[in-house]
Amino acid sequence: MSNRKQPSKTLYGKSDISRTPAIMALGGYTSSARMRRILTAFGKLFPNAHCALVYRNPFQLLVATILSAQCTDKRVNQITPALFQKYPTPQDFAALRPEVLEQDIYSTGFFRNKARSITAASKRIVQEFGGRVPQTMEDLLTLPGIARKSANVVLGSAYGIASGIVVDTHAIRVATRRLRLSQGKSPEKVEQDILNLVPRNRWIQFSYQFSLFGREICTARHPHCAECPLEPICDSPEKTV
Ligand code: SF4
């Protein structure tokens, strides 16, 4: 017989919740009380969570975000100071041939695609947006190499605009298989489910708190459940206690 704790009935019951449409859509699994507990725990665990990429302006963050695909923020931060010193403006990047840029960003992996995206996005920023990184999701998504996740990073961290929540692989794992905030099969659906559960004024910081929680506590292999403050409200089959 399993030693795993049985889930608390209050997780599913109606007594502790004021239901929102999103909660109803999730079959009543996540109550507003449960969500408040998650938000409080994240606030205590990671009060200073922020974007780990180093940048001085929105354009540098956009470039760093493209470089961070399939690469650690730490590695990106190792190469960007010299990169931005060498090419200080969007015009500098727009004038580059991708093959030239490849040599500067080689160590971040997928360097051919990234060089093409960065030079093409820079050209568009210069030609269509007056050399400034656009401030709307709609416009950002027209830039080569920029998908919703990257756009959320740029809008949230460079402009302080809460456009959505950054959903990375850690957030997807925690949201779907661990804390079960979403049953979504795509990052877009997972993001939409979370957006419906988290107050808008928490979206920007929640993005980074959620990712840190997945990296440091609710890890892919052997999650640190014994140290997890959310263990009492987690009934994931992947729990280790
Ligand atoms: S109890 Fe374990 S599986 Fe559940 S959220 Fe915490 S670390 Fe993740």
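Tutor: Helices α10 and α12 are roughly perpendicular to each other (65 to 115 degrees counts as such), since the axis of α10 (residues 169–178) and that of α12 come within 8 Å and cross at roughly 80°. Here helices are DSSP runs of H or I with at least four residues, and strands are runs of E with at least two, numbered from the N terminus, while axes are lines fitted to C-alpha atoms over the stretch in contact, with angles running from 0 to 180 degrees between N-to-C directions. On the α10 side the contact is made by H170, A171, R173 and V174, and on the α12 side by F210, S211, F213, G214 and R215, where contact requires C-beta atoms, placed from the backbone, within 7 Å. By class, this contact has 4 nonpolar, 3 polar and 2 charged residues, with Ala, Val, Leu, Ile, Met, Phe, Trp, Tyr, Cys and Pro counted as nonpolar, Asp, Glu, Lys and Arg as charged, and the others, Gly among them, as polar.

The model is a predicted one, in which local features need pLDDT of at least 70 and side-chain atom pairs count only at pLDDT 80 or more, whereas totals for chains, interfaces and linings use all residues. Residues are numbered from 1 along each chain as its sequence is written.

A171, one of the contact residues of α10, is 9.2 Å from E191, C-alpha to C-alpha, although the two are 20 residues apart in sequence. E191 lies in helix α11 and counts as buried because it has 24 C-beta neighbours inside 10 Å, the threshold being 20 or more other C-beta atoms within that distance, with 12 or fewer for exposed and partly exposed in between. Leaving aside neighbours within four places in sequence, E191 is in contact with G164, I165 and V167.

Both α11 (187–195) and α12 (203–216) also pack against the buried residues of α9, as do α3 (58–67) and α8 (137–140). Helix α9 (residues 148–159) reaches 15 Å from its first C-alpha to its last, close to the 16 Å expected, a span taken as 1.5 Å times one less than the number of residues. Of its 12 residues, 9 are buried, among them V153, V154 and L155, and α9 is followed by G160, whose phi is positive, near 70°.

For the protein chain, the secondary structure comes to 12 helices and 0 strands, and buried residues make up 37% of its 241 residues.

Key
Angles under 35 degrees count as roughly parallel, over 145 as roughly antiparallel, 65 to 115 as roughly perpendicular and the rest as oblique.
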